[in-house]
Amino acid sequence: MIMNLVILESDLEKFLKKMDSLNKKLRKFSSEIRIISHKRGFQLFETSTVDINFPVIEYFLEIPEKNKRENTEFLGTLSFTSGVPMVFSNTDKYSIHELYKENSVCDHCHTSRDRKKWFFFEENGQIKQIGSTCVLEYFGIPLEGILGSFDSEMRAFNLKKVDIDYSSLDEKEMESFKKYFLSSNSFIPASQILGILNYVTNGFSKGWEKGEEGTSRIVKNTIFNPMADAELRKVVQKNTEYEAQIETIKSYWTYKSTYSNDFEFNIYSNLYSGTTFNTSVPYKNIGIVAWAYWKAINNSIKESTSVKEKSEEATSEFLGNVKERITIEGTIKFIKSFPTSYGYNQEGESYLYQIITDKGIAKWFSSKDISHDIVWKEGVETDESGYPLDYVKTVDRMRAYEEKLKNEGVKVTLTGTVKYLETFKGQKQTTLTRCKVIKL
Ligand SMILES: [Zn+2]
């Protein structure tokens, strides 16, 4: 009989010890369990927030079937532990619990009594229910002692048989799973750690906090929080930015092979295997890895902000002196309009425009609808009295410019008089009056 078993890599030593002690017993019957093959790999567990990869070893074992009965197959056992029936199936052919005959008669000694454990066999097509004390005599190998251990202890190693939905553990179940998880050398995809970090540090902008309630602890707890809210799950699972984030991390922690201290060594040995960047994170080292991720991305955010600030500073100059008539070239944009009164009983609208030039920014408050000026500057065919020949088309052109002014703006050259200069949020602004578009 071939048995397929998947064990945690961290259970390997325990597993081999168990095999050894079983084989010691079996050798007394000139038999043994033989390892046919084994293969290393990963098994994925999905919790409510993250995917966890456990390093596992898959074994194919040959379980002895040496017995003194021909044409007899061992099917499995039914035991009553504290009155609760538990089955161990050695076959897919039957459901063991359905084979149980309530009359409690052993098909070997034909006596009837309550037993803690029954063994089931198929002999020449007939199902045999054998009491545990008769198994050795009936079958030949002390299955009570040997397969009984397989039933309980070996199955503890077999992850394939552990049929748990990890995505819906309650808090208590998660606690025990966490212990199991911590004892193994497991990994979590970098993309999901980045998703959690993004959430916890408000898009990597928050500072890294140390201590009991620090960022590292929050990240770790979030992984195992079965009550993690739907928003977090969405953020973590739909983290589409992670590829760009990984590039940022790689360029901050550029691969190198000499390190100035232990801390740096530990960072690099977690981030890289050889020269290859690791796309999964060992759970045990999440603290340092999360920090290294955060450091790289937080730094790039700071840099891009300071570059932006610098570029704004560079173009923040006053465009002239008060009362000076200046000519500027730039993009004029409509900012907003507000009602104004022009003296006695006259009401109208006033517009605020902004002109962005290479040197700096100008503001202009005006009662002029600049789209009108622009269209006239562009050229309008008129009759002798100066009235547009195609009035509808002219209005349409003005409407189109109004839209453009609200969006990307219109490139113009205009003259205007500097009314006053002011600094607003660190930016030098020149306020103009009596502007005139002189060129488009
Ligand atoms: Zn019996």
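The crossing of helix 6 and helix 7 is right-handed, a crossing being right-handed if the near helix is turned clockwise from the far one by less than a right angle, and left-handed if anticlockwise. The model is a predicted one, in which local features need pLDDT of at least 70 and side-chain atom pairs count only at pLDDT 80 or more, while totals for chains, interfaces and linings use all residues. Residues are numbered from 1 along each chain as its sequence is written. Helices (H or I, at least four residues) and strands (E, at least two) are DSSP runs, numbered from the N terminus.

The axes of helix 6 (residues 190–200) and helix 7 come within 10 Å and cross at roughly 125°; axes are lines fitted to C-alpha atoms, for helices over the stretch in contact, and angles run from 0 to 180 degrees between N-to-C directions. That angle makes helix 6 oblique to helix 7, given that angles under 35 degrees count as roughly parallel, over 145 as roughly antiparallel, 65 to 115 as roughly perpendicular and the rest as oblique. On the helix 6 side, Ile-196, Leu-197 and Val-200 meet Thr-215, Ile-218, Val-219, Thr-222 and Ile-223 of helix 7, with contact defined as C-beta atoms, placed from the backbone, within 7 Å. The residues of this contact divide into six nonpolar, two polar and no charged. Here Ala, Val, Leu, Ile, Met, Phe, Trp, Tyr, Cys and Pro count as nonpolar, Asp, Glu, Lys and Arg as charged, and the others, Gly among them, as polar.

Within helix 7 (residues 215–223), Thr-215, Val-219 and Ile-223 are buried. A residue is buried if 20 or more other C-beta atoms lie within 10 Å of its own, exposed if 12 or fewer, and partly exposed in between. The three cover an arc of only 75° around the axis, which puts them on the same side of helix 7; the arc is that of the directions from the helix axis to the C-beta atoms. An α-helix has 3.6 residues a turn, so residues three or four places apart point the same way.

Helix 6 also packs with helix 9 (residues 242–252), at an angle of about 95° and with the axes 10 Å apart. Helix 6 and helix 9 are therefore roughly perpendicular to each other. Ala-190, Ser-191 and Leu-194 of helix 6 make this contact with Tyr-242, Gln-245 and Ile-246 of helix 9, and its residues comprise four nonpolar, two polar and no charged.

Ile-370, Ser-371, His-372, Ile-374 and Val-375 of helix 12 meet Thr-394, Arg-397, Met-398, Tyr-401, Glu-402 and Leu-405 of helix 13. The contact of helix 12 with helix 13 holds six nonpolar, three polar and two charged residues.

Turning to the strands, Thr-415 lies in strand 15 (residues 410–424) and is partly exposed, with 15 other C-beta atoms within 10 Å. Leaving aside residues up to four places away in sequence, Thr-415 touches Arg-325, Ile-326, Thr-327, Cys-435, Lys-436 and Ile-438. Thr-415 and Ile-438 are 23 residues apart in sequence, and their C-alpha atoms are 6.9 Å apart.

Overall, the protein has 13 helices and 16 strands, and buried residues make up 22% of its 440 residues.

Terms used. Two residues are in contact if their C-beta atoms, placed from the backbone, lie within 7 Å.
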